Amino acid sequence: MIRTRAYALAAAAALPLAAAVLPVTPATASPVAASAGAVERAAAPTITIADFGFRVPLRVARGARVRVVNKDIVEHTVTSGARGRFSVDVAAGKSASFVAPRKPGRYAFHCAFHPDMTGVLVVR
Ligand SMILES: [Cu+2]
């Protein structure tokens, strides 16, 4: 008898709680939070290689880890020129990363396999 009454009380207590919680979580709440996280991930500096060309971020922070995404079906590299400070091989369809120079400046780079592929990494 006592046990039955305890269950009834618990059920009665849970109902108003659920009713109070539901309106606080509208459908728009979680998409906003999710897209905020996506923006943060997209902010990581990325060099994209496609059609034998580099798409380079406007600038990267000194010492930042730079991601390189190779969308081509052949291997490429991101290799700095005269001021040789970085070089990374990126297999076809894969990604890799390297650490940007710590000294601000403009760093010309190219692909070691395809010298016509060139770009400039601006470090601030
Ligand atoms: Cu290449």
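Buried residues, those with 20 or more other C-beta atoms within 10 Å of their own C-beta atom as placed from the backbone, account for 12% of the 124 residues in the protein. The model is predicted: local features require pLDDT of at least 70 and side-chain atom pairs pLDDT 80 or more, whereas totals for chains, interfaces and linings use all residues. Residue numbers start from 1 along each chain as its sequence is written.

The protein contains two helices and eight strands, taken as DSSP runs numbered from the N terminus (helices: H or I, at least four residues; strands: E, at least two). Their order from the N terminus is α-α-β-β-β-β-β-β-β-β. Of the contacts with a separation of 6 or more, 44% join residues 24 or more positions apart, a contact being a pair of C-beta atoms, placed from the backbone, within 7 Å.

Four strands form an open sheet in the order E5-E4-E7-E8 with antiparallel pairing, where pairing requires at least two DSSP bridges between two strands. Strands E5 (87-90) and E8 (118-123) are the edges, each pairing on one side only. Strand E4 (residues 76-80) pairs with E5 over four bridges in the antiparallel sense, and His-76 has Val-90 in E5 as its bridge partner.

Val-90 also belongs to the largest nonpolar core, which has 12 residues, among them Ile-47, Ile-49, Val-68 and Phe-109. Such a core is a set of buried Ala, Val, Leu, Ile, Met, Phe, Trp, Tyr and Cys residues joined through C-beta atoms within 7 Å. Strands E1 (46-50), E3 (65-70) and E7 (105-110) each contribute two or more residues to this core. Beyond its neighbours within four places in sequence, Ile-49 contacts residues including Val-68, His-76 and Val-90.

Methods. Two residues are in contact if their C-beta atoms, placed from the backbone, lie within 7 Å.
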